[in-house]
Amino acid sequence: MKATTPAQDLTRGVWRENPVLVQLLGLCPTLAVTNTVANSIAMGLATFFVLVGSSFLVSSLKKLIPNEIRMSGFILIIATFVTIVDMLLQAIVPDIHKALGAFIALIVVNCIILGRQEAFASKRPVGRSVLDAVGSGAGFMIALLMMGAFRELLGNGSLLGYPVLGPSFEPWVIMILPPGGFFTLGFILLGFGWWKSKEEEKPKLRRWPHGVVSKEAA
Amino acid sequence: MSDERDDAGTGPNAQGGRIGRGPALSGRADVPALKLVGTLAIAGALAGMLIVTVYQWAQPRILAHQARVLGDAIREVLHDPDHYQTLFVVNGTLTAELPAGQDSTGLDRVYLGFDASGAPSGFAIVGAEPGFQDVIRLIFGYDADKGRLLGMKVLENKETPGLGDKIEKDSTFTGGFAGALSPLRGVKKGAGTGKDDEVDMITGATISSRAVIAIINHRLEQIGPLLGKYHAGVTQ
């Protein structure tokens, strides 16, 4: 395992190892609740909170959790956070909670969260684990926002509920239905892959002069 | 990430990156089962306490919100009554006063609205049945004297966005219930003959529209006779 700087821990999950766009994790909520921007934001924030809270606790308690039951321990911590988020959303923003429905409870089994605990928080210092969780959580939110903005714009002609495409626009209803989620994810991954391959074609021009970044990327 | 774990399980744990591991993690079968169970039990108890704390804070707010939503819906389907009263179904009759010792939880109930002069203006009744995707929950106002509906509002639906969810959003459809004669009969849009018991269904959302009509009809079949009886008692 390579040593990483705090900045790398933070930024890794945002873009270069984005949980959705690169690792293709957490696709269930990515497809299911991204039919509007508001839902994407709420789901992203809820997952972000659970991820950061769980990483903090798992990393703090890692010496107390015996190896044999670490998975049960992680799940217990994650499930506690999710239950709390679920109740808080229901008490504070009931309309959002209604729209997200069962998917809040399903954050428990979101593999992004368990993955970060197992791969990172359970063996790294607390500060780094929180940075890593913040990065991954932000990356997840960025991916959800891209999905949500695309789908709401085409499927409803609006963004965050405000009409932007005018009355003459005929909404593509399919974009806010489940197939629209698959189409959108496909196009976003296609675009992302295309962009990445372009980037790799011209590494020399883009890299930091001192070769710091290229060493890390190699 | 599973690869890393396999290494950790079988190989020496001194592998790079495994910083700060306690002695509990160093061996495989060293930890007695009792300790494992104990750790999980304590962790579970702590988690439970935390959840209960949050629950006690959140629950009153959740209930208050639900009550507010229901209250608004009742006023809407009864067209702004002066006030309304909750009636419970106990032993096959409607009553405003619960018998001593009876808990109101789980009892079927309706809401009776009154106009400014104190005369009953109609019942608001909640009903729920499966629609196209999931259960549709709705409330409707009903004038037991005339046997006509006063209004209908969908409280909860997960029908297809853009098609089935029109049962909640399409005001032509929801408005079609006001004044309709019970039992209702759903007709294709434009195919009606102008009879009072006809409700125009939504094109492209036939199943959802039918479900709404069925919910109202079933509910009135079940509870309608009680309403008539109670209503006669109040107005005499």
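This report covers a helix pair, the cysteines, selected residues and backbone features of a predicted model.

## Helices α6 and α7 of chain A

Helix α6 of chain A spans residues 111-121, and helix α7 of chain A spans residues 126-156. The two pack at an angle of about 150 degrees. Their axes lie 11 Å apart. Angles over 145 degrees count as roughly antiparallel, so α6(A) is roughly antiparallel to α7(A). The crossing of α6(A) past α7(A) is right-handed.

On the α6(A) side, the contact is made by A:Ile112, A:Arg116, A:Phe120 and A:Ala121. On the α7(A) side, A:Arg128, A:Ser129, A:Asp132, A:Ser136 and A:Phe140 take part. By class, this contact has four nonpolar, two polar and three charged residues.

A:Ser136 sits in helix α7 of chain A. Its relative accessible area is 3%. Buried means under 20%, so A:Ser136 is buried. Beyond neighbours within four places in sequence, A:Ser136 is in contact with A:Gly13, A:Pro19, A:Leu51 and A:Arg116. A:Arg116 also belongs to the α6(A) side of the helix contact.

A:Asn110 lies in the loop between α5 (94-100) and α6 of chain A. A:Asn110 is buried too, with a relative accessible area of 5%. Setting aside residues up to four places away in sequence, A:Asn110 touches A:Gly26, A:Pro29, A:Thr47 and A:Phe140. A:Phe140 is one of the α7(A) residues in the helix contact.

## Cysteines

The structure holds zero disulfides over all chains. A:Cys28 is in no disulfide. The nearest cysteine sulfur to that of A:Cys28 belongs to A:Cys111, 9.4 Å away. A disulfide needs sulfur atoms within 2.5 Å, so the sulfur of A:Cys111, at 9.4 Å from that of A:Cys28, is too far for a bond.

A:Cys28 is partly exposed, at a relative accessible area of 47%. A:Cys111 is also partly exposed, at 34%.

## Chain B overview

Chain B has five helices and eight strands. From the N terminus on, its elements run α-α-β-β-β-β-β-β-α-α-β-β-α. Of the 236 residues in chain B, 39% are buried. Take the contacts in chain B between residues at least 6 apart in sequence: 51% of them join residues at least 24 apart.

## B:Trp57 and its contacts with chain A

B:Trp57 is in helix α2 of chain B, residues 33-77. B:Trp57 is partly exposed, at 36% relative accessibility. Not counting residues up to four places away in sequence, B:Trp57 touches A:Leu88, A:Ala91 and A:Ile92.

## Backbone features

A cis peptide bond joins B:Ser182 and B:Pro183, with omega about -10 degrees. B:Pro183 falls in the loop between α4 (171-175) and β7 (185-187) of chain B.

Positive phi values turn up at two non-glycine residues. A:Leu24 has a phi of about 55 degrees. A:Leu24 lies in the loop between α1 (6-16) and α2 (27-32) of chain A, and is partly exposed at 43% relative accessibility. For B:His79, phi is near 55 degrees. B:His79 lies in the loop between α2 and β1 (83-90) of chain B.

Conventions:
Residues numbered from 1 in each chain as written. Chains lettered and ligands numbered in written order. Predicted model: local features only at pLDDT ≥ 70, side-chain atom pairs only at ≥ 80, totals over all residues. Heavy atoms only, no water. Axes fitted to C-alpha atoms, helices over the stretch in contact; angles between N-to-C directions. Helix = DSSP H or I, 4+ residues; strand = E, 2+ residues; numbered from the N terminus. Parallel < 35°, antiparallel > 145°, perpendicular 65-115°, else oblique. Left-handed = near helix turned anticlockwise from the far one by under 90°. Contact = heavy atoms within 4.5 Å. Nonpolar A, V, L, I, M, F, W, Y, C, P; charged D, E, K, R; others polar. Buried < 20%, exposed > 50% of the residue type's maximum accessible area, 1.4 Å probe, protein only.
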